[in-house]
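Look at this model from the inside out.

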Amino acid sequence: MTQTLPSAAVLGARAFAALAGLNRFSDEPGKLTRLYLSPAHRQAAEWVKGAMEVAGLTAFIDAAGSVQGRREGTVPGAPAVLIGSHIDTVKDGGRFDGNLGVVAGILAAQALRDAGISLPFPLEVVGFGDEENVRFPTHLSTSEALAGAYDPAWLEARDSEGVRLGDALVAFGGNPNGIAALARKPGSIQAYLEVHIEQGPVLEAQNEPVGIVTAINAQSRARVRVTGEAGHAGTVPMALRKDALTASAEMALALEQIAAGHELAVGTVGVLRPEPGATNVVPGAAEFSIDFRAPKNETLAAMETAIRSRFAEIAARRGVGLEIVPYAKADAVPMEPRLQDAFAAGIARTGSNIAGRKLPSGAGHDAMTMAAIAPAAMLFVRNEKGISHSPLENMSEEDAGIAIKVLIETLLELAERSK
């Protein structure tokens, strides 16, 4: 007999209780640090596996360290709908980043099972293990494994203590030789859905609990080195200085201006190191990082051209040397319009007056990788002041419940569309 689905308030309470259980597992006492393939990651993976089984999913920890759960649908051979996010964290991270999405998928599956609702397609939930890429120099390696794009060279990568990733995976209980077999067959996934805190202040500013992601921004990173002339702070006249730090500061301001001139673009200097770094010495050199992002590849390309031009002009005017070395770049990943519409329908089905506002993601997510093999979409959830990757990360139980309710209604919408 079909039962009533739980309210958003009940789902929110269940989510916070589940998150309290999951976030007991940390590699650092008093902090939430759960790095890929660490002891805390293994404990969390076992917890997630158990929670999936309680929710009616057949679950296992896969060869790369992700947790996968599945409930079969009523139509034989139908491609699955996969709900995913990650359970690894940054060092001293927040409670909700990644974890919320995994818990949301589990609770949605449990609510449908308890209500006696069967879907025409298989429902899967995945807790990826390596989204943050903190411990090893990888790139979304566990979702890349499902996408069939795992780079075997990652197995040779080492962490800050010299531990080889392949050895850590074996110690974790994984299987380097089994990673290739994790690749999903083309057409086996009809939709990838991810619920995630926004990690930005837009929804809070607009007083909206959830929003629909349009695209994951293109991004580029580079290291910049400026070379001037060191000199005594008290004896070199201002007009004769070739100060690498003040030149770098002007470049940082130029980056800010360039980003502000493009809609929804951002630019950041997160690291700045003057040399020699002495109080009474004019800096003879400086190195800094640049990180710039935009919803469209064309916008990112225009920003890069402008950055190179402005930096070169500043260097020439100030008489300093300039070297720009790019080291990471990712194209924009648009979210599937059909699934954006499904999320909008899911919001409408809740009977609320939520606007279903659309916005881009400035941060990377596993959805970037999964979009290469399946239509993908993301639902953002409001978080306090947009703070993330920090113990100050916070959100409300009410918003968590609304997000999970929307996810459930979106699954029901997709079920009706598949008839």
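A search of the whole structure turns up three cavities of 30 Å³ or more. A cavity here is a set of points, on a 1 Å grid over the protein atoms alone, where a 1.4 Å probe fits but cannot get out. Grid points are joined across faces, edges and corners, and a volume is the space filled by probe spheres set on the points. This is a predicted model: local features need pLDDT of at least 70, side-chain atom pairs count only at pLDDT 80 or more, and totals for chains, interfaces and linings use all residues. Residues are numbered from 1 along each chain as its sequence is written, and side-chain values use heavy atoms, with hydrogens and water left out.

The largest cavity holds about 50 Å³ of space. Its lining includes Ser220, Phe292, Glu304 and Arg308. Lining residues have an atom within 4 Å of a point. Helices (H or I, at least four residues) and strands (E, at least two) are DSSP runs, numbered from the N terminus.

Now the backbone. Most residues other than glycine have a negative phi, and most peptide bonds are trans. Asn133 has a positive phi, near 55 degrees. Leu140 has one near 50 degrees. Asn133 sits in the loop between β4 (123-128) and α4 (141-146), and Leu140 is also in the loop between β4 and α4. Asn133 is partly exposed, at 22% relative accessible area, while Leu140 is buried, at 3%. Buried means under 20%, exposed over 50%, and partly exposed in between (1.4 Å probe, protein chains only). Finally, a cis peptide bond joins Glu275 and Pro276, with omega about 10 degrees.

Technical notes:
1 Å grid on protein atoms, 1.4 Å probe; cavity = no way out; pocket = protein on both sides within 12 Å on 5 of 7 lines; lining within 4 Å.
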